[in-house]
Amino acid sequence: MNKVPSKRIYATYILIALNLLVFFLAVKGGGVEGSKNLDTLDYLGALIPIKVWAGEWWRVISANFLHYGFLHLSTNMLALYFLGRLIETNLGVFCYLFVYLFSGIGAMLTFTVWSLVRGDTYAFLLGAS
């Protein structure tokens with residue numbers, strides 16, 4: 001019986017590595033609790049609606065890779081590991097990355113508008129969960 005070759009899954013692993021790298025930067029920048037330090041998270045690009053509105057549009061991307069503490073990071077990375085591999089296999093690398101990035105950006109933009117309408121302009125949003 002011939003085994004059907006499996007598709008290579010590398011985008012999911014790259015995304016996990018990128019999230020871990022950004023988490024390491026947060027910890028390095030703010031000590032052991034750096035990933036929960038709001039000043040460090042702000043510096044690294046947490047989504048803060050008033051800052052996005054003021055022109056810091058890069059935050060709608062960077063906030064997708066930031067996590068508030070080890071529990072937030074670990075649960076997101078476990079979900080990404082199990083679900084991401086399945087989705088990447090079915091959609092292919094480019095479609096998968098498109099969905100991952102643009103759903104994250106769309107969520108961040110939606111949150112920004114919603115927060116500005118509600119008057120909650122200094123809310124923090126992190127992670128692509």
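Let's start where two helices touch: Leu80, Gly84, Ile87, Glu88 and Leu91 in α5 meet Val93, Cys95, Tyr96, Val99 and Tyr100 in α6, where contact means heavy atoms within 4.5 Å. By class, this contact has eight nonpolar, one polar and one charged residues. Here Ala, Val, Leu, Ile, Met, Phe, Trp, Tyr, Cys and Pro count as nonpolar, Asp, Glu, Lys and Arg as charged, and the others, Gly among them, as polar. Helices are DSSP runs (H or I, at least four residues) numbered from the N terminus.

Before going on, please note that this is a predicted model, in which local features need pLDDT of at least 70 and side-chain atom pairs count only at pLDDT 80 or more, while totals for chains, interfaces and linings use all residues. Residues are numbered from 1 along each chain as its sequence is written, and side-chain values use heavy atoms, leaving out hydrogens and water. The predictor's confidence in each residue, pLDDT, runs from 0 to 100. For this protein its mean is 90, and 93% of the residues reach 70 or more.

How do α5 and α6 pack? Their angle is about 130°, and their axes are 7 Å apart. Axes are lines fitted to C-alpha atoms, for helices over the stretch in contact, and angles run from 0 to 180 degrees between N-to-C directions. The two helices are therefore oblique to each other (angles under 35 degrees count as roughly parallel, over 145 as roughly antiparallel, 65 to 115 as roughly perpendicular and the rest as oblique).

Helix α5 (residues 69-91) also packs with helix α1 (residues 11-30), at about 165° and with axes 9 Å apart. That angle makes α1 roughly antiparallel to α5. Among the residues making this contact are Leu15, Ile16 and Phe23 of α1 and Phe70, Leu73 and Met77 of α5. The contact divides into 11 nonpolar, four polar and two charged residues.

Now follow α1 to alanine 26, which lies in this helix. Is alanine 26 buried or exposed? It counts as buried because its relative accessibility is 2% (buried means under 20% relative accessible area, exposed over 50%, partly exposed in between, with a 1.4 Å probe and protein chains only). Leaving aside neighbours within four places in sequence, alanine 26 is in contact with Gly34, Ser35, Thr40 and Leu44.

Leu44 leads us onward, to serine 62: this serine touches Leu44 and Gly45, not counting residues up to four places away in sequence. Serine 62 sits in helix α4 and, at 16% relative accessibility, counts as buried.
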